[in-house]
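Dear colleague,

I am passing the structure on to you with this message, and below it you will find my notes on what was found in it. Please read them with the model open beside you.

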Amino acid sequence: MRDPLTLAVAQPPTAPYDVGRNALAHAAAVRAAAARVVVFPELSLTGYELDASAITPGDPRLAPILDACAETGTTALVGAPVQGERGRPYIAMLAVDDGGARVAYRKMHLGGDEPDRYAPGAAPAVLEVAGWRLGLAICRDTGIGEHAAETVALGVDAYVAGTVKLPQESALQDSRAERVAVEQRIWVAVASFAGATGGGFAPAAGRSGIWAPGGRLVARAGIEPGDLVRAELR
């Protein structure tokens, strides 16, 4: 029997382009969450600034997050632009733990102005933590039914996403998460950007949430930067 997994969704305050300052906010959220896994919003390390420079997993500015994860035994799923092939970066999710940072997933389904700068990721991804298999998604991925289906086909216990949405898109964000939880009978966690950021998200929606298999909402954050909620997955 595997142990329950405590998972949190966090919406830290984010300064545009300031990776060092944002890493400190992420580290504070990791410590406050007291969870085995903490999920952060899309591009949480830079803000939703599509011209931000790519970050490498070895970037020394990530040290505060690595330290917090090592102290707490946490895996943090952090949003960042990362370098790609032929000069086109990816919108990605970094997995950070006591072993360091690595690119865990590259966003497959780009939207808005993203294709002008970024390349789409090639395939779904699963991250295993403490015996739990987490399917990874970023924002528009969650609205593509095939993405959830292909990810679940890899064998997952939860579908976790980092997003950025406008306040008027909150209901859409919720309906996408609930649909996956209902149709796939798995846990769904969405970390949604809060506060003002680039791309016209001024403010962003916040209201991160966690849904149980079958679609019941079990945890809900507010609209303010700095809020976080957690749930125990069984």
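Cysteine 139 sits in the loop that runs between strand 7 (132-138) and helix 3 (145-152), where helices (H or I, at least four residues) and strands (E, at least two) are DSSP runs numbered from the N terminus. Although cysteine 139 is not a glycine, its phi is positive, at about 45 degrees, and with a relative accessible area of 5% this residue is buried; buried means under 20% relative accessible area, exposed over 50%, and partly exposed in between, with a 1.4 Å probe and protein chains only.

Before going further, please keep in mind that this is a predicted model, in which local features need pLDDT of at least 70 and side-chain atom pairs count only at pLDDT 80 or more, while totals for chains, interfaces and linings use all residues. Residues are numbered from 1 along each chain as its sequence is written, and side-chain values use heavy atoms, with hydrogens and water left out.

A positive phi also occurs at alanine 34, again a residue other than glycine, where the value is near 50 degrees. Alanine 34 belongs to the loop between helix 1 (19-33) and strand 2, and at 51% relative accessibility it counts as exposed. Most residues other than glycine have a negative phi, and most peptide bonds are trans. The bond between alanine 202 and proline 203, however, is a cis peptide bond, with omega at about 5 degrees, and proline 203 is part of the loop between strand 10 (194-195) and strand 11 (204-205).

Phenylalanine 201 is found in the loop between strand 10 and strand 11, and it counts as buried at 11% relative accessibility. Which residues does phenylalanine 201 touch, not counting those up to four places away in sequence? They are Tyr48, Val164, Lys165, Leu166, Glu169, Gly195 and Ala196, where contact means heavy atoms within 4.5 Å. The C-alpha atom of phenylalanine 201 is separated by 29 Å from that of leucine 66, and the two residues are 135 residues apart along the chain.

In helix 1 you will find histidine 26, which is buried with a relative accessible area of 0%. If neighbours within four places in sequence are left aside, histidine 26 is in contact with Pro12, Phe40, Ser44, Leu45, Ile65 and Val78. Aspartate 59, for its part, is placed in the loop between strand 2 (37-39) and helix 2 (63-72), and it is buried as well, with a relative accessible area of 11%. The side chain of aspartate 59 makes a polar contact of 2.7 Å with the side chain of arginine 61; a polar contact is a pair of N or O atoms within 3.5 Å, of which, within protein, one must be able to donate a hydrogen and the other to accept it, and residues adjacent in sequence count only if both atoms are side-chain atoms.

Finally, here is the protein as a whole. Its secondary structure comes to 4 helices and 14 strands. The radius of gyration is 16 Å, close to the 17 Å that the globule rule gives for 234 residues, so the protein is as compact as a globular protein of that length; the radius is taken over C-alpha atoms, and the rule is 2.2 Å times the number of residues to the power 0.38. Of the 234 residues, 56% count as buried.
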